[in-house]
6 protein chains.
Amino acid sequence: MYFHVQQLIHEITQDEPDPAAANALQEGLGGQFGEMRTMMQYLFQAMNFRGPAGKPYRDLLQGIGTEEISHVELIGTTISRLLDGSPRYQGKPEDPLDKPGSDGATPLNIALDTGNIHHYLVAAQGALPVDAAGNPWLGSYVYNSGNLVLDLLYNLMLESTGRLQKCRIYEMTDNKTARSTISYLIVRDQAHENAYAKALESLGVKWNTVLPIPKTNAEKFPEVKKLLDLGLQSKQYTFDLTGHSEAGKIFQGMSPSNDGTTLDASEQAPAGAPLTIAPERFEEFSPGLDPELLALIQATADMELADVDAMFGPVKSGVVSSVDAASTGAKGEKTSQ
Amino acid sequence: MYFHVQQLIHEITQDEPDPAAANALQEGLGGQFGEMRTMMQYLFQAMNFRGPAGKPYRDLLQGIGTEEISHVELIGTTISRLLDGSPRYQGKPEDPLDKPGSDGATPLNIALDTGNIHHYLVAAQGALPVDAAGNPWLGSYVYNSGNLVLDLLYNLMLESTGRLQKCRIYEMTDNKTARSTISYLIVRDQAHENAYAKALESLGVKWNTVLPIPKTNAEKFPEVKKLLDLGLQSKQYTFDLTGHSEAGKIFQGMSPSNDGTTLDASEQAPAGAPLTIAPERFEEFSPGLDPELLALIQATADMELADVDAMFGPVKSGVVSSVDAASTGAKGEKTSQ
Amino acid sequence: MYFHVQQLIHEITQDEPDPAAANALQEGLGGQFGEMRTMMQYLFQAMNFRGPAGKPYRDLLQGIGTEEISHVELIGTTISRLLDGSPRYQGKPEDPLDKPGSDGATPLNIALDTGNIHHYLVAAQGALPVDAAGNPWLGSYVYNSGNLVLDLLYNLMLESTGRLQKCRIYEMTDNKTARSTISYLIVRDQAHENAYAKALESLGVKWNTVLPIPKTNAEKFPEVKKLLDLGLQSKQYTFDLTGHSEAGKIFQGMSPSNDGTTLDASEQAPAGAPLTIAPERFEEFSPGLDPELLALIQATADMELADVDAMFGPVKSGVVSSVDAASTGAKGEKTSQ
Amino acid sequence: MYFHVQQLIHEITQDEPDPAAANALQEGLGGQFGEMRTMMQYLFQAMNFRGPAGKPYRDLLQGIGTEEISHVELIGTTISRLLDGSPRYQGKPEDPLDKPGSDGATPLNIALDTGNIHHYLVAAQGALPVDAAGNPWLGSYVYNSGNLVLDLLYNLMLESTGRLQKCRIYEMTDNKTARSTISYLIVRDQAHENAYAKALESLGVKWNTVLPIPKTNAEKFPEVKKLLDLGLQSKQYTFDLTGHSEAGKIFQGMSPSNDGTTLDASEQAPAGAPLTIAPERFEEFSPGLDPELLALIQATADMELADVDAMFGPVKSGVVSSVDAASTGAKGEKTSQ
Amino acid sequence: MYFHVQQLIHEITQDEPDPAAANALQEGLGGQFGEMRTMMQYLFQAMNFRGPAGKPYRDLLQGIGTEEISHVELIGTTISRLLDGSPRYQGKPEDPLDKPGSDGATPLNIALDTGNIHHYLVAAQGALPVDAAGNPWLGSYVYNSGNLVLDLLYNLMLESTGRLQKCRIYEMTDNKTARSTISYLIVRDQAHENAYAKALESLGVKWNTVLPIPKTNAEKFPEVKKLLDLGLQSKQYTFDLTGHSEAGKIFQGMSPSNDGTTLDASEQAPAGAPLTIAPERFEEFSPGLDPELLALIQATADMELADVDAMFGPVKSGVVSSVDAASTGAKGEKTSQ
Amino acid sequence: MYFHVQQLIHEITQDEPDPAAANALQEGLGGQFGEMRTMMQYLFQAMNFRGPAGKPYRDLLQGIGTEEISHVELIGTTISRLLDGSPRYQGKPEDPLDKPGSDGATPLNIALDTGNIHHYLVAAQGALPVDAAGNPWLGSYVYNSGNLVLDLLYNLMLESTGRLQKCRIYEMTDNKTARSTISYLIVRDQAHENAYAKALESLGVKWNTVLPIPKTNAEKFPEVKKLLDLGLQSKQYTFDLTGHSEAGKIFQGMSPSNDGTTLDASEQAPAGAPLTIAPERFEEFSPGLDPELLALIQATADMELADVDAMFGPVKSGVVSSVDAASTGAKGEKTSQ
């Protein structure tokens with residue numbers, strides 16, 4: 001069973017909208033080696049897992065799989081931010097965006113010369129479940145042979161390829177919003193690569209100096225170096241609410257990447273970052289509520305917000321350490337907050 | 001950011017293996033109107049959501065989307081259970097399964113006359129991300145127009161169609177394992193249908209007696225009736241760890257289905273049920289560890305389990321109410337258990 | 001612009017339901033060489049046609065393309081008829097179909113061992129836009145090179161392959177419903193093959209004795225022979241309401257198949273056959289109106305039917321020769337009937 | 001059974017070629033919510049329809065489905081017109097188009113920097129059965145649950161989404177050819193949305209002010225406003241040649257969109273507009289007849305045209321009111337023209 | 001540049017036709033881990049190879065890739081043999097196959113209850129480029145990251161998965177025709193696994209006892225054991241006509257599988273086995289030549305065969321050692337034979 | 001069984017990198033009418049061939065199919081050459097390519113505005129198994145009806161369409177690298193068209209002046225004219241190592257294209273051209289060996305090369321006429337070189 005907190009797993013740096021960078025990032029979301037794929041692959045491998053003796057391996061798969069859902073959320077939101085408002089930013093100022101098509105204006109003209117016209121035509125300047133060339137995500141991407149050693153080998157290759165592609169995306173754009181997310185995912189892919197490499201070490205393989213595969217020297221990327229210095233490539237969170245994960249039996253000891261760090265699986269989750277809601281886009285008819293409906297909803301919301309404030313105090317946009325213990329009980333008595 | 005507990009959202013009733021039923025259930029997992037689709041659709045709609053005034057709608061989408069991940073886990077695990085051991089149960093007893101192919105035996109002979117040969121050839125008697133006719137799941141299933149009213153209308157139709165197909169699956173098999181999961185999902189689909197119908201009511205639509213769509217009279221199905229009597233069609237959990245969800249502003253008041261119940265969104269999550277690991281399948285080379293590797297791993301596991309027991313006491317396979325509050329802090333100090 | 005009459009282009013012979021035959025016929029509907037493909041291919045070739053001097057060729061494509069829409073209607077309806085009621089016919093009598101799932105009954109049990117489970121799970125015992133192996137129809141099937149000679153050559157091959165596959169389907173089943181439609185389409189495919197072969201003759205090709213390709217000797221099939229004796233392989237209708245088609249400039253003279261017949265394009269359309277509506281299927285929740293809704297609709301229908309009868313007399317289910325000339329005016333004054 | 005007249009359902013306004021606009025329009029032709037999809041969906045729903053009591057609903061589906069074939073013809077022809085001659089218009093004048101590739105010329109150079117290179121490489125500057133991102137049309141788009149209420153709900157959503165996307169396309173280009181067709185289809189989508197909304201009203205739903213969904217205020221688009229003023233959003237044609245359609249039992253009374261209009265299904269078809277044949281494109285080898293073949297065909301055509309003129313007088317490119325009643329008889333006696 | 005000899009790379013054992021086994025083998029031909037995929041993947045990796053210093057690696061890829069073309073030929077031919085004549089063998093004897101459909105016979109009745117109806121409906125009892133579940137082969141299967149270490153890692157996993165699936169296929173059938181080919185490919189997959197594992201060893205990886213992955217103990221399969229005893233798992237042929245391959249620099253030394261064998265790349269190719277042509281199938285209209293055409297072709301063939309015999313002596317169906325040196329010159333002077 | 005020589009079937013002319021031309025050429029590699037398709041189609045038709053009397057036809061298919069593998073190699077390598085180094089050539093010089101991403105550089109910036117971003121993101125500036133619009137190659141492209149006459153007719157159309165599309169590609173670019181390969185393939189497609197046309201002539205068809213289809217007058221393209229003057233459109237090689245091919249029984253006599261040439265199948269293969277290995281691309285992490293690994297490999301290679309030279313003399317990069325006779329024996333004793 002899964003739970004959610006209204007937090008991003010990593011913060012997104014602010015920069016100008018950049019639809020070309022957004023489209024490159026789609027590979028990291030909906031591509032054959034992107035986050036939707038890693039997420040689904042590990043969730044299936046965990047569901048179909050065989051052999052109770054292998055519980056630490058199952059828990060490792062489950063923990064990384066759970067993290068990947070948050071990665072989908074992170075990169076999807078990043079793509080949305082990169083697309084959001086791009087017509088206003090780069091479009092023709094004489095076409096007012098808040099009066100869509102009025103008097104024959106063409107506020108979405110930018111869409112005709114962009115990486116994927118569907119970002120404007122279908123997705124209202126939001127992320128899509130497709131890759132950077134526009135191919136829809138495919139169930140046949142998921143690899144789950146049922147043979148543990150093979151699955152681990154595949155996963156190692158999968159994380160390595162994901163990291164390779166993200167290093168290439170890094171080289172395609174200097175947009176700060178794109179790079180902050182890409183850099184974080186590069187380092188986390190390396191952590192997962194370490195996890196699967198270590199699991200294979202537990203079965204006898206010696207990697208010597210061949211890891212990481214590939215050697216992209218990503219520490220040359222300034223944003224990546226900052227995260228490597230924090231040791232994020234050698235941490236694995238459990239994302240397990242009840243502390244039953246045994247993944248730490250595998251993810252421990254010296255890093256197989258020979259970077260001198262020690263693997264650490266003692267933390268449940270990173271601190272998190274605020275998760276905000278994007279503004280409306282009139283030129284996309286999104287969300288498409290007309291003024292009367294908006295007024296109705298706003299009135300309701302204001303009224304209820306007052307109630308909420310009265311009862312709980314102002315809504316906190318806190319870090320994960322504010323995850324409330326008491327609220328995780330099945331009956332969810334929120335009053336104890 | 002997402003978290004996991006090692007619990008199923010609903011328990012799976014035990015029965016004989018049944019690969020034909022397993023294959024029918026694939027539609028509910030990887031079909032165009034199955035749980036992978038609802039999950040992805042709502043997660044995308046939540047990520048790409050526009051308009052802070054609509055937060056209650058966003059939170060409703062986020063909450064149902066999070067539940068759908070658990071539904072993927074539930075139905076995927078159910079399919080695995082239905083497939084697991086089917087060669088032994090229905091195959092030729094003269095071909096010992098624990099000596100795969102030895103002396104020319106054919107322990108997987110059953111695979112040649114089954115709904116989807118990939119269940120044995122590719123997935124080692126586990127679930128696949130495909131539908132009941134074998135089509136891989138497709139990213140283009142996801143609908144996210146960016147227009148809130150349209151998205152709600154689509155979601156209502158999506159839940160209704162999912163429920164319709166599950167009622168038909170119910171009519172195809174009397175396997176208890178299959179029916180217990182299908183019946184649970186029928187009732188939860190109805191709850192989600194109520195959620196989207198209610199959201200549309202908040203925008204002005206009056207459904208009168210047309211809900212639920214379709215009127216499958218599923219209360220005639222004994223397993224479904226039991227859950228309806230518990231009112232599960234009128235509950236929506238938040239699955240939100242910090243209590244920030246405002247979905248309850250929408251999911252409240254009389255049910256739009258006119259069944260006399262009141263909608264209730266006050267609980268965080270259902271109680272959960274044990275999540276076990278399936279046995280090995282030698283005839284599938286799954287997990288594929290040879291005796292030496294198994295011995296090595298078991299030794300490690302035993303040694304570390306002893307350590308764990310020493311520190312925490314025996315591992316609990318508890319219900320969700322045992323979710324430990326203290327363990328949700330970012331630093332995950334498990335000692336307080 | 002297109003028009004419709006409530007008539008089938010050929011009558012469907014009555015026989016028992018037969019889901020296996022229905023599934024084989026799916027190749028003729030949604031297969032790579034089926035009627036959806038010929039229809040779309042010729043409509044695209046007609047739309048994109050270049051060169052006013054080639055109007056007779058364009059009109060030939062347009063006329064055959066229009067006929068193919070009626071073939072889609074014919075074979076789709078045939079598949080529906082073959083599926084309709086198959087659970088009652090071949091299923092377990094102890095499971096009443098009119099009380100779907102009541103007391104745990106399994107009226108759709110037949111679906112688990114059938115050609116395509118989607119016929120029962122998705123399509124309510126109706127036709128699907130897929131082929132006999134379950135692959136969805138694909139836009140990339142459509143061939144339209146823009147080069148007239150190549151397009152004609154492709155079309156000749158397309159009709160020949162469609163006919164070849166239908167002759168094989170004929171050999172798979174002796175169900176009369178399936179065979180009556182398949183036999184009609186075999187003969188019409190041959191007529192279209194003659195059309196494209198003749199068009200290529202007009203450009204210089206001499207076929208000598210090589211036509212028809214392939215030589216399936218379909219006259220050995222009794223149902224086919226009857227239609228060949230009527231000369232249906234040498235007729236092409238215009239389906240053009242205003243008589244502007246110049247297809248007859250090509251489809252004339254001796255048949256390129258050397259069967260001694262003369263090609264004839266002087267008729268507008270065949271006589272047609274009654275098009276009826278199938279009964280409800282409770283076990284599929286189709287159409288899914290509950291008794292109250294049905295009563296409401298029936299009342300409305302009865303009332304209005306009375307009005308209609310008062311004005312026009314009883315509804316005729318006439319042959320095409322009853323197509324009313326006067327009713328084709330833009331204002332649709334039906335009173336002259 | 002289907003018939004055709006050599007008329008477009010709406011006229012296409014002349015403007016310069018515009019391949020970028022053409023590619024955006026592909027979404028309206030071959031996209032998931034485009035005209036090929038609505039056409040196929042309604043034809044399948046009509047073919048597979050169950051329950052004779054629901055004939056007015058069936059006839060409504062059949063009538064709209066028939067109209068959609070004409071929409072495919074309209075938007076496909078529009079795309080062809082937008083592409084046709086674009087190399088000459090926007091390409092390099094030093095590369096003569098009528099001598100393709102002669103002396104190493106590159107008359108198709110424009111293709112390397114365009115929305116979909118297949119428009120030049122595969123389709124000879126014609127329309128393709130793909131969407132604006134190049135994805136081929138897919139049979140699995142078609143939704144036909146067999147449950148009438150669900151199908152109506154889906155169709156309402158489908159028309160609404162199609163209209164939403166077309167409003168976005170309108171905002172992407174000011175090419176008059178593109179806009180005239182898009183505006184017409186926006187208004188017709190709204191008429192179909194009204195049809196399905198009204199059908200759901202007949203089953204009990206009250207829409208109040210929520211329609212149309214979405215509220216794109218398309219009356220701000222000048223070309224759309226002109227058509228709305230003519231009331232085209234509240235008319236539905238039968239396209240039924242014999243007047244047996246009972247769709248008018250549903251499509252009547254006040255518009256569910258609350259725009260003060262009354263729904264009207266009394267007309268058979270709109271007046272139509274001339275359907276012309278595009279010129280040859282030598283640089284595409286289209287139609288690919290060499291001078292000798294062209295001379296041969298032209299001679300034949302001239303000769304036969306003389307015959308036709310002698311018999312019928314000059315070919316009329318008349319409006320639909322010129323559809324000749326007498327020509328609809330099965331024997332097609334054209335002499336009465 | 002590629003050449004061919006009219007020899008199979010391994011002989012096919014004779015047994016009864018077996019369409020179910022044929023369909024299982026399709027996974028090995030057109031599946032995601034089948035021979036079409038390995039062939040294409042290695043040919044692309046060889047074509048796109050970077051870095052002249054890596055020529056031995058490129059040559060290894062090129063050599064294995066070339067072998068895979070022969071594997072496609074072997075498994076494709078095996079599938080054809082398993083399908084060929086299955087209607088006669090398993091069908092109804094009262095329907096004569098040499099008079100297809102005559103008097104309403106149903107000689108292809110078997111097709112309605114088989115693994116893939118397309119084997120009879122589309123492919124005339126021949127192999128198809130699809131997997132065992134009927135999915136067409138997909139270009140996106142091909143993995144070629146451009147990073148040598150990653151590509152080797154992927155290839156190792158690919159061969160291992162192919163072998164795993166083939167071991168499962170072995171367990172599904174005891175048909176001798178199927179098993180002879182499957183067993184050969186199991187052993188060759190292991191040879192390729194050794195090749196990629198050794199290449200990774202050259203980069204520093206130590207596999208210890210983890211190879212082969214998975215440990216299927218295929219030596220328990222009698223047919224496999226025979227080939228292992230011959231050491232086929234430790235040989236790699238160059239298939240290079242001019243002896244320029246440097247693959248032997250990698251494929252040498254102790255086998256990484258620790259089975260005590262030494263890797264050997266000194267042979268150019270295996271001896272080969274006769275490649276025969278299948279008989280006609282009248283019930284499939286294959287090849288579809290009518291008696292007159294057959295007579296014409298036979299006469300021509302006889303006449304020319306006489307000429308050939310006169311000039312060269314009787315045609316040899318020799319082993320590969322009969323590959324004629326002199327015939328490989330560009331001018332192909334065959335006289336020296 | 002297949003063999004390889006390290007030679008290209010035709011030389012590639014040097015020119016600047018040109019990613020737009022590279023992407024257009026993808027249609028010729030992975031498109032529906034490209035070389036991967038012709039290769040697979042003919043190999044399947046040869047494998048599944050029926051009727052020993054038709055051996056000359058089988059051998060014709062086998063020979064052309066074998067040639068197509070070399071065409072895949074040629075056009076794939078050409079695409080690689082056109083992509084290779086394009087960032088350096090057309091990118092920003094201030095971003096050094098040999099220090100990928102160092103200090104935040106964007107050496108792959110060019111990828112954001114190119115025909116297919118996957119060329120840089122996935123394929124490391126190499127060829128992909130996709131078409132020019134990015135669609136992956138599909139197994140369902142392969143046509144093999146089992147009916148010889150139909151297959152020949154399809155193949156004729158296939159070659160003609162491939163040639164048509166290549167003539168259009170020629171008109172899109174004047175890059176010499178692109179044009180040299182395209183021109184060669186245009187002429188070879190015409191040779192194959194002649195082969196299938198001649199085969200159909202042997203069955204009775206008379207083409208008169210309609211061939212070639214289409215009449216693109218490609219002799220106006222200077223590069224094509226040079227090859228036509230050499231008569232390459234009328235030659236067919238056997239690519240058969242042992243001289244058993246009987247294709248010459250068909251490919252003989254006057255060309256069906258009426259260009260005055262005589263068909264000639266007496267040669268085994270063309271002379272071939274050098275096949276070189278592309279340089280490394282640091283900005284793609286390709287091949288991804290770090291300096292230590294490179295040093296290790298180089299040392300090994302140098303050492304072993306010395307051994308080889310000592311034994312065989314310097315490696316020859318000879319033409320095909322240097323294919324060594326003695327090396328084709330199964331034991332491959334290279335010493336006789």
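**View 1. Helix α6 of chain B in the predicted model.** Helix α6 of chain B covers residues 148-172 (helices, H or I with at least four residues, and strands, E with at least two, are DSSP runs numbered from the N terminus). Its 25 residues reach 36 Å from the first C-alpha to the last, close to the 36 Å expected at 1.5 Å a residue; the expected span is 1.5 Å times one less than the number of residues. α6(B) is mostly covered, with 25 of its 25 residues buried (20 or more other C-beta atoms within 10 Å of the residue's own; exposed means 12 or fewer, partly exposed in between, and C-beta atoms are placed from the backbone). This is a predicted model, in which local features need pLDDT of at least 70 and side-chain atom pairs count only at pLDDT 80 or more, while totals for chains, interfaces and linings use all residues. Residues are numbered from 1 along each chain as its sequence is written, and chains are lettered from A and ligands numbered from 1 in the order in which they are written.

**View 2. Helix α2 of chain D.** Helix α2 of chain D, residues 35-47, has 13 residues. From its first C-alpha to its last it reaches 18 Å, close to the 18 Å expected at 1.5 Å a residue. Because 13 of the 13 residues of α2(D) are buried, the helix is largely enclosed by the rest of the structure.

**View 3. The annotated binding site in chain A.** In the unreviewed UniProt entry, the annotation "binding site" covers A:Glu35, A:Glu68, A:His71, A:Glu159 and A:His192; positions follow the numbering used here, feature names are shortened, and annotations may be inferred rather than shown by experiment. These residues span 158 residues in sequence, yet no two of their C-alpha atoms are more than 13.1 Å apart, so they gather at one spot.

**View 4. Surroundings of A:Glu35 and A:Glu68.** A:Glu35 lies in helix α2 (residues 35-47) of chain A and is buried, with 25 other C-beta atoms within 10 Å. Not counting residues up to four places away in sequence, A:Glu35 touches A:Gly28, A:Leu29, A:Glu68, A:His71, A:Val72 and A:Ile75 (contact means C-beta atoms, placed from the backbone, within 7 Å). A:Glu68 belongs to helix α3 (residues 55-83) of chain A and counts as buried, with 23 C-beta neighbours inside 10 Å. Leaving aside neighbours within four places in sequence, A:Glu68 is in contact with A:Glu35, A:Thr38, A:Met39 and A:Tyr42.

**View 5. The contact between chains F and D.** Chain F gives 23 residues to this contact and chain D gives 23 residues. On the side of chain F that touches chain D, α1 (19-30) and α6 (148-170) of chain F each supply at least two residues. The largest share of that side, 6 residues, comes from α6(F).

How values were computed:
Two residues are in contact if their C-beta atoms, placed from the backbone, lie within 7 Å.
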